[in-house]
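Thanks for coming, everyone. Please take a look at the model on the screen before I start.

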Amino acid sequence: MTLFTRRQTLSALSAFTVAGLAAPSLLRAEAPLTFYGPPAAPSAVLAHAVKGGFLNEVAPGAIFKAWKTPDEMRAAVASGSMGAVVMPSYGAANLHNRGLGIGFLNVLTTGLLYIVSKDETLTSLESLKGKTVALPFKNDMPDFVLARLIAEQGIKPGEIALEYAASPPEAVQLLLTGRVDAALLSEPAATAVLIKAKSFFMTVHRTIDVQKEWARVSGKAEIPQAGLALTSEFQQKLGKAGIAALQTGIETALASAIANPQTAAEAAADALGFPAEIIAASFPTSHLSALKASAARADLEAFYDELAKANPAIIGGKKPDDSFYLV
């Protein structure tokens, strides 16, 4: 049975209500707009919004593409070749504070990180001492979050060995081949390894819910982990009415995805490189949302404060100003 939080349910009901209202008359872009996202569950909502026609009022004929690595994404945003991108929330703040004109539209997940292992006894960070953990994308969201948790736990550097991988699939392979004891993965990679292991007559367990560990550190039950960021050029193309309509379309797409996970997953499968069945199965543990950036501001700022304790440069030296929050 698929379970969703009260916040997700209210968001979905609100989206269906808004969808029944007349959409604003907007100037359409001359060429189809392209939206980008990571190989992670929030991109399924955006891909569903694009392919399901939920953005037709503001972006008819829009295209969705997946980016492969954070470095690729950041370089493309800086060069102007990606204008609408699902990215880690800290990354959006960093690029905004560096003067790149990035604005944040919404939060598309409130946490989808898990530590998985073939050893079901590794249920705490303390139990990982002397173990090796694989994690993709050095100096990015999973790395920063785990480092903060380890520091708060009083675990010394090196007591948990980290094996960095170039991608989630590589981290999965490190775990399945026994080269590491555990792996820190986002969804749907975490769900994928649990399912894939069975075909090799192995059992992989979801041993640590990183969101729960974060709640112990920060007092916040959710991690406003990623959302849709827009460059200033993209914002100008849409205008204020278009930006508002984009948010409405994504809210409606989220409601549809919650109601029909398989349909939404099929829209994203090719781009994300995961079977639709795995993407759909990951939805309940992906904490999908479509929270307006302004509504999530307090949680975002609390998250930024925690990350900045380790290094303020992670968020560009300060919390972003009012112009960062687009809706």
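Some ground rules. This is a predicted model, in which local features need pLDDT of at least 70, side-chain atom pairs count only at pLDDT 80 or more, and totals for chains, interfaces and linings use all residues. Residues are numbered from 1 along each chain as its sequence is written, and side-chain values use heavy atoms, with hydrogens and water left out.

Salt bridges to begin. By that I mean a side-chain nitrogen of Lys or Arg within 4 Å of a carboxyl oxygen of Asp or Glu. How many salt bridges does the structure hold? There are 12.

Start at R74. Its side chain meets that of D71 in a salt bridge, 2.8 Å from N to O. Both sit in helix α3, residues 70-79. They are three residues apart, so about one helical turn separates them. Helices here are DSSP runs of H or I with at least four residues, strands are runs of E with at least two, and both are numbered from the N terminus.

R74 has another salt bridge, with the side chain of D140, at 3.1 Å from N to O. D140 lies in the loop between β7 and α5 (141-153), while R74 is in helix α3, so this pair ties together parts that are 66 residues apart in sequence.

Are these residues buried or exposed? The cut-offs are these: buried is under 20% relative accessible area, exposed is over 50%, and partly exposed is in between, with a 1.4 Å probe and protein chains only. D140 is buried, at 4%. R74 is partly exposed, at 24%. D71 is exposed, at 55%.

Next pair. D305 forms a salt bridge with K319, and their closest N and O atoms are 3.6 Å apart. D305 is in helix α12 (residues 297-310) and K319 in the segment after α12, 14 residues apart, so the pair links distant parts of the chain. Both ends are partly exposed: D305 at 35%, K319 at 37%.

There is also a network. Salt bridges link R148, E152, E306 and K309.

Now helix α10, residues 261-272. Its buried residues are P261, A264, A265, A267, A268, A269 and L272. What covers them? The cover includes α2 (42-51), β2 (63-66), α9 (232-259) and α11 (276-282). After α10 comes G273, with a positive phi near 80 degrees.

On to L135. This residue lies in strand β7, residues 132-136. L135 is buried, with a relative accessible area of 0%. Which residues touch it? Contact means heavy atoms within 4.5 Å. Leaving aside neighbours within four places in sequence, L135 is in contact with P142, D143, L146, L162, E163, Y164, A165 and L184. One distance for scale: the C-alpha atoms of L135 and V86 are separated by 20 Å, with the two residues 49 apart along the chain.

Now the empty space. Rolling a probe the size of a water molecule over the atoms shows where it is left. A cavity is a set of points, on a 1 Å grid over the protein atoms alone, where a 1.4 Å probe fits but cannot get out, and lining residues have an atom within 4 Å of a point. Points are joined across faces, edges and corners, and a volume is the space filled by probe spheres set on them.

The structure holds five cavities of 30 Å³ or more. β3 (84-88), α5 and β9 (182-186) each supply at least two lining residues. β9 gives the most, with three. By type, the lining has 17 nonpolar residues, three polar and one charged. Nonpolar covers Ala, Val, Leu, Ile, Met, Phe, Trp, Tyr, Cys and Pro; charged covers Asp, Glu, Lys and Arg; the others, Gly among them, are polar.

Last, the backbone. Most residues other than glycine have a negative phi, and most peptide bonds are trans. F137 is not a glycine, yet its phi is positive, about 65 degrees. F137 lies in the loop between β7 and α5, and it is buried, at 14%. H287, also not a glycine, has a positive phi near 50 degrees. H287 is in the loop between α11 and β12 (288-292). Finally, the peptide bond from E187 to P188 is cis, with omega near 10 degrees. P188 is in the loop between β9 and α7 (189-199).

Terms used: 1 Å grid on protein atoms, 1.4 Å probe; cavity = no way out; pocket = protein on both sides within 12 Å on 5 of 7 lines; lining within 4 Å.
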